[in-house]
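Trainee: Could you take me through a single part of this model slowly, and tell me how the words you use are defined along the way?

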Amino acid sequence: MPNSDVRSSLSHVHVLHVVPGLLAGGMELTMARVIAGLSGQGIRHTVAALREEPQMAERLPPDVPVHMMHSPPNELRLPLRLARLIRQVRPDVIHARNWGAWPDTVAASLLVRPRVPVVLSFHGLG
């Protein structure tokens with residue numbers, strides 16, 4: 001359990017999780033568990049799913065907004081649309097999960113001012 005100083009500094013953090021989709025898979029289930037586990041800590045979460053349908057959305061806490069981007073493969077405008085979403089939800093940090101999310105997320109983050117830190121993680125690589 002984090003001490004009170006760490007907990008109070010986290011209580012105003014808003015994380016935008018960017019995932020390729022919300023199909024039933026290990027990465028999606030892990031993300032849902034992390035979000036649910038941190039929900040009592042005062043950290044706000046928003047999820048952006050770039051492509052697939054939201055099969056795992058019901059695993060997320062009800063107060064977590066889910067934005068479905070419905071992007072076709074190789075959509076050149078996706079970074080522009082994602083940058084618009086970043087400006088709208090105003091996260092403190094962006095967490096791009098897996099190969100299908102990080103290129104568009106990094107491109108979108110370069111279009112947003114002020115810059116928002118981007119964290120990349122990859123699930124199931126070995």
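Mentor: Let us begin with a definition: two strands pair if DSSP finds at least two bridges between them, and strands themselves are DSSP runs of E with at least two residues, while helices are runs of H or I with at least four, both numbered from the N terminus. This is a predicted model, in which local features need pLDDT of at least 70 and side-chain atom pairs count only at pLDDT 80 or more, whereas totals for chains, interfaces and linings use all residues. Residues are numbered from 1 along each chain as its sequence is written, and side-chain values use heavy atoms, with hydrogens and water left out.

By that definition, strand 2 and strand 3 pair in the parallel sense over 3 bridges, and Ala-49 stands opposite Met-68 in strand 3. They belong to an open sheet that 5 strands form in the order 3-2-1-4-5, with parallel pairing. Strand 3 (66-68) and strand 5 (118-121) stand at the edges with a single partner strand each, so one side of each has no neighbour in the sheet.

Helix 2 (residues 26-38) has buried residues that pack against strand 1 (14-19), strand 2 (44-49) and strand 4 (93-97), where contact means heavy atoms within 4.5 Å. In helix 2, Met-27, Glu-28, Met-31, Ala-32 and Ile-35 are buried, that is, under 20% relative accessible area, with exposed meaning over 50% and partly exposed in between (1.4 Å probe, protein chains only).
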